[in-house]
Amino acid sequence: MSQYLTSNPSLIDFNQRSLYISAIAIAFNPTFWNTVARREYHHKTLTGLFNGNSQRACYALALTIFSLGLFRDALYERALRSQPTHPFLQGPLVPPIAYGLILLGNILVLSSTWALGITGTYLGDYFGILMDEPVTSFPFNVTGAPMYYGSTMSFLGTALLYARPAGVLLTLEVLVVYWVALGFEE
């Protein structure tokens, strides 16, 4: 496959630095939050920085993770803008599919955040903030990882909307990175 991609430079421009910066940001975010969460669980590092207040520490991590996500998304969008489009991704059915993926992806992400709350969404269990019982309602009755799959759907929808094969490649990276993250979180 890599030979096909390099022999067809019109698909992905590997000379664009923004592509690599986006790929690094995509890999960094879950690596960061899993590392910080595990350190919190074992050493209470953030809780210590917040004078023993695990709730405030968790909210600080939530704000950090959310901000890093916005930054990652901006880098992804910048990378897509510097990449070539492909005619196959510019057909008349592509925009409705793209918007559908973005809509469904956001429904999964937002509804899981609603169901879990801020501390449930942003690793509160590593701070000792536990929910009374597991959430089994929507979207968790559809998938065990609605935030990850919803986010991946949004990345793919954006790649299709921009008609950029590089976005599809970066979306595959998102999916793999999330699968690895799930292995650490479960």
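In which helix does Ile107 lie? Ile107 belongs to helix 5, which covers residues 94–121, in a model that is predicted.

**Nonpolar cores**
- The largest nonpolar core has 31 residues, and those with the most contacts inside it are Leu61, Tyr76, Leu123, Phe127 and Tyr148.
- Two or more residues of this core are given by each of helix 2 (17–43), helix 4 (54–81), helix 6 (146–162) and helix 7 (165–185), with helix 4 supplying the largest share, eight residues.
- Another core, of six residues, lies apart from this one and includes Leu89, Val94, Leu101 and Leu160.
- As general background, nonpolar side chains tend to be buried together in soluble globular proteins.

**Nonpolar surface patch**

**Aromatic pairs**
- The structure holds five aromatic pairs, one of which is formed by Phe28 and Phe32, whose ring centres are 5.5 Å apart and whose planes stand at 25 degrees, so that the pair is stacked.
- Both Phe28 and Phe32 lie in helix 2, where they are four residues apart, about one turn of the helix; Phe28 is partly exposed at 40% relative accessibility, and Phe32 is also partly exposed, with a relative accessible area of 21%.
- The rings of Tyr41 and Tyr126 have centres 6.2 Å apart and planes at 85 degrees, so this pair is edge-to-face.
- Tyr41 in helix 2 and Tyr126 in the loop between helix 5 and helix 6 are 85 residues apart, and their pair thus links distant parts of the chain; Tyr126 is buried, with a relative accessible area of 11%.
- Trp33, Tyr148 and Tyr178 are linked into a cluster by ring pairs.
- When its neighbours within four places in sequence are left aside, Tyr148 is in contact with Trp33, Tyr178, Ala181, Leu182 and Glu185.

**Leu156 and its surroundings**
- Leu156 is found in helix 6 and, at 27% relative accessibility, counts as partly exposed.
- Leaving aside neighbours within four places in sequence, the contacts of Leu156 are with Leu101, Val168 and Thr171.
- Gly120 is 36 residues from Leu156 along the chain, and the C-alpha atoms of these two residues are separated by 26 Å.

Key
Residues are numbered from 1 along each chain as its sequence is written. This is a predicted model: local features need pLDDT of at least 70, side-chain atom pairs count only at pLDDT 80 or more; totals for chains, interfaces and linings use all residues. Side-chain values use heavy atoms; hydrogens and water are left out. A nonpolar core is a set of buried Ala, Val, Leu, Ile, Met, Phe, Trp, Tyr and Cys residues joined through side-chain atoms within 4.5 Å. Buried means under 20% relative accessible area, exposed over 50%, partly exposed in between (1.4 Å probe, protein chains only). Contact means heavy atoms within 4.5 Å. Rings of Phe, Tyr and Trp (its six-membered ring) pair if their centres lie within 6.5 Å; planes under 30 degrees apart count as stacked, over 60 as edge-to-face and the rest as tilted.
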